[in-house]
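Here's a walk through one protein model, going from charged pairs to a sheet and its packing. Keep the viewer open and follow along.

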Amino acid sequence: MNQLSMKFRDFKTKAALITALAVAGASPSVSQTVADTSLPQTGLDIPDELTIFGKNDPNVRRATAIVNGDIITGTDVGQRLALIVAANGGEVSEEEKQRLRLQVLRNLIDETLQIQEAEANEIVISEEEVEATFRQVAQQNFKQDINAFDEYLRTQGSSTDTLKRQIKGELAWSRLLRRNIQPFINVGNEEVNAIIERLNASKGTSEFRIGEIYMSASQETAPQVAENMRKILEQIRAGGSFLAYARQFSEASTAATGGDLGWVRPAQLPQSLADAAEQMQVGQVVGPVEVPGGFSILYLIDSRQVLTADPRNALLSLKQLAISFPAGITEAQASAQAAKFATATRGIKGCGAANEVAARLGASVVDNDQVKLRDLPAALQGTIAELQIGQASQPFGSVEDGVRVLILCGRDDPQTAAAPSFDAIMSRLENERVNKRAQIYLRDLRRDAIIEYN
């Protein structure tokens, strides 16, 4: 990624870990809870007042659960919890950690059941497969070699073993579903054609890309579930990762993808969610919203018009000019320099003259010919969208980061959006039905499991 793009995104270690969780499968479970709210459905006999750990001695590998004979230790739980804490910048209260520990244990129970069921069906995930995926996570998401990745996980209080176990569970469960469920899923051509017709009929109407964290609740458990969701919402608004929380807590089948529902129209959502989505701004998180059977937290990832070209998909050619401020400069002095910089750059006549002006001002220059308008910070999108070719934006920046302007050198507007292909719609419908069957499958495994708690 070039320097200009890096100015538009905050690829910190926290984001890198979140991406790793997305690839590796922070929890392949399709049915997860915060409190003991879904026990009648799952059959897991976890007492409300259970004390799991006692005094935490890192030198003692003490079992916290035995699942059909397989042991889950305190170390297993601690290292998996460390991934969640790191994904939230390490800013998780002790009270929140205690609540998370029990949830992590449940996730590990589900993961163990999935691996056991795959093995019972003679599905073998080789070490080579796990290692290849592990390397892919390290190289694609962390830009690091295996040794550097291993050291990073250790500094977070986690390990390569816990991430490799996640990978093995994800691969095993996915392969099991492909063998035992997917061949028996049928989607008719008529269903797909009907969806295409509805899309064409709704051209120009609004649709949303939504993230959801869903938790089931009965009439008796509703107050406690709602309170748990409010705590999660507070953590997310304080900077926690929506994706990480969705993967760990959401009971919906979309948990494995960080709660991403994809693009949906209001008519496809429960009325309460549709009403909330239509009032939200992109990037906003709201909840808990009551829905049939439970509650949801919503995250509006993006919005657009159905089958209508989105102007934010315009591909821009930009040139950035930037100056930095000396250490110790006051805000008033920085404002004065920024004003001079603005006056000088306002007179730029096209990108051809930008380098000469930059040299005169002592400014650095960065070029990028592949920037989507929607990838710019929201505060800049409106400004850049109104520029003509060769014009410069108003200066932006801060005393710490310096000041910069963007010059629009070219713009390729998006083509009219087309409806998803027949095959793409059929694949989506098949995946939805596989996920529903998978949820029932896992529920049956829980009900039949022998689980001992210490």
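Glu-111 counts as buried, at 1% relative accessibility (buried is under 20% relative accessible area, exposed is over 50%, and partly exposed is in between, with a 1.4 Å probe and protein chains only). Before going on, some ground rules: this is a predicted model, where local features need pLDDT of at least 70, side-chain atom pairs count only at pLDDT 80 or more, and totals for chains, interfaces and linings use all residues. Residues are numbered from 1 along each chain as its sequence is written, and side-chain values use heavy atoms, with hydrogens and water left out.

Back to Glu-111: its side chain meets that of Arg-165 in a salt bridge, 2.7 Å from N to O (a salt bridge is a side-chain nitrogen of Lys or Arg within 4 Å of a carboxyl oxygen of Asp or Glu). Glu-111 sits in helix H5 (residues 94-120) and Arg-165 in helix H8 (residues 160-180), so the pair ties together parts that are 54 residues apart in sequence. Helices (H or I, at least four residues) and strands (E, at least two) are DSSP runs, numbered from the N terminus. Arg-165 is partly exposed, with a relative accessible area of 29%.

The structure holds 15 salt bridges.

For a local example, look at Arg-154 and Asp-150, whose closest N and O atoms are 2.1 Å apart in their salt bridge. These two both lie in helix H7 (residues 146-155), four residues apart, or about one turn of the helix. Arg-154 is partly exposed, at 46% relative accessibility. Elsewhere, salt bridges that share partners join Arg-80, Glu-111 and Arg-165 into one network.

## The disulfide

There's one disulfide in the structure (a pair of cysteine sulfur atoms within 2.5 Å). Cys-351 and Cys-409 are the partners, with 1.8 Å from S to S. The pair links distant parts of the chain, 58 residues apart: Cys-351 is in the loop between helix H13 (331-346) and helix H14 (354-361), while Cys-409 is in strand S10 (residues 402-412).

The link of Cys-351 and Cys-409 is left-handed, with -100° about the S-S bond. Cys-351 is buried at a relative accessible area of 18%, whereas Cys-409 is partly exposed at 26%.

## Helix H12 and its two faces

Which residues of helix H12 (residues 271-279) are buried? They're Leu-273, Ala-274, Ala-276 and Ala-277. These residues cover an arc of only 165° around the axis, which puts them on the same side of H12 (the arc is that of the directions from the helix axis to the C-beta atoms).

The face turned away from that buried side carries the exposed residues Gln-271 and Gln-279. What covers the buried residues of H12 includes strand S3 (206-216), strand S5 (285-291) and strand S6 (294-305).

## A four-stranded sheet

Now find the open sheet of four strands, in the order S8-S7-S10-S9 with antiparallel pairing (two strands pair if DSSP finds at least two bridges between them). Strand S8 (364-372) and strand S9 (396-398) stand at the edges, each with a single partner strand, so one side of each is left without a neighbour in the sheet. On average, neighbouring strands of this sheet are turned by 25° against each other, direction ignored.

S9 and S10 pair in the antiparallel sense over three bridges. Gly-397 has Val-403 as its bridge partner in S10.

## What packs on the sheet

Helix H13 packs on the sheet, touching strand S7 (315-323) and S10, and its direction makes about 25° with that of S10. H15 packs there too, touching S7, S9 and S10, with its direction at about 50° to that of S10. Contact means heavy atoms within 4.5 Å; axes are lines fitted to C-alpha atoms, for helices over the stretch in contact, and angles run from 0 to 180 degrees between N-to-C directions.

Ile-384 lies in helix H15 (residues 378-385) and is buried, with a relative accessible area of 0%. Not counting residues up to four places away in sequence, Ile-384 touches Leu-316, Leu-318, Leu-373, Leu-376, Ser-393 and Leu-406. Ile-384 and Leu-316 are 68 residues apart in sequence and 9.4 Å apart in space, C-alpha to C-alpha.
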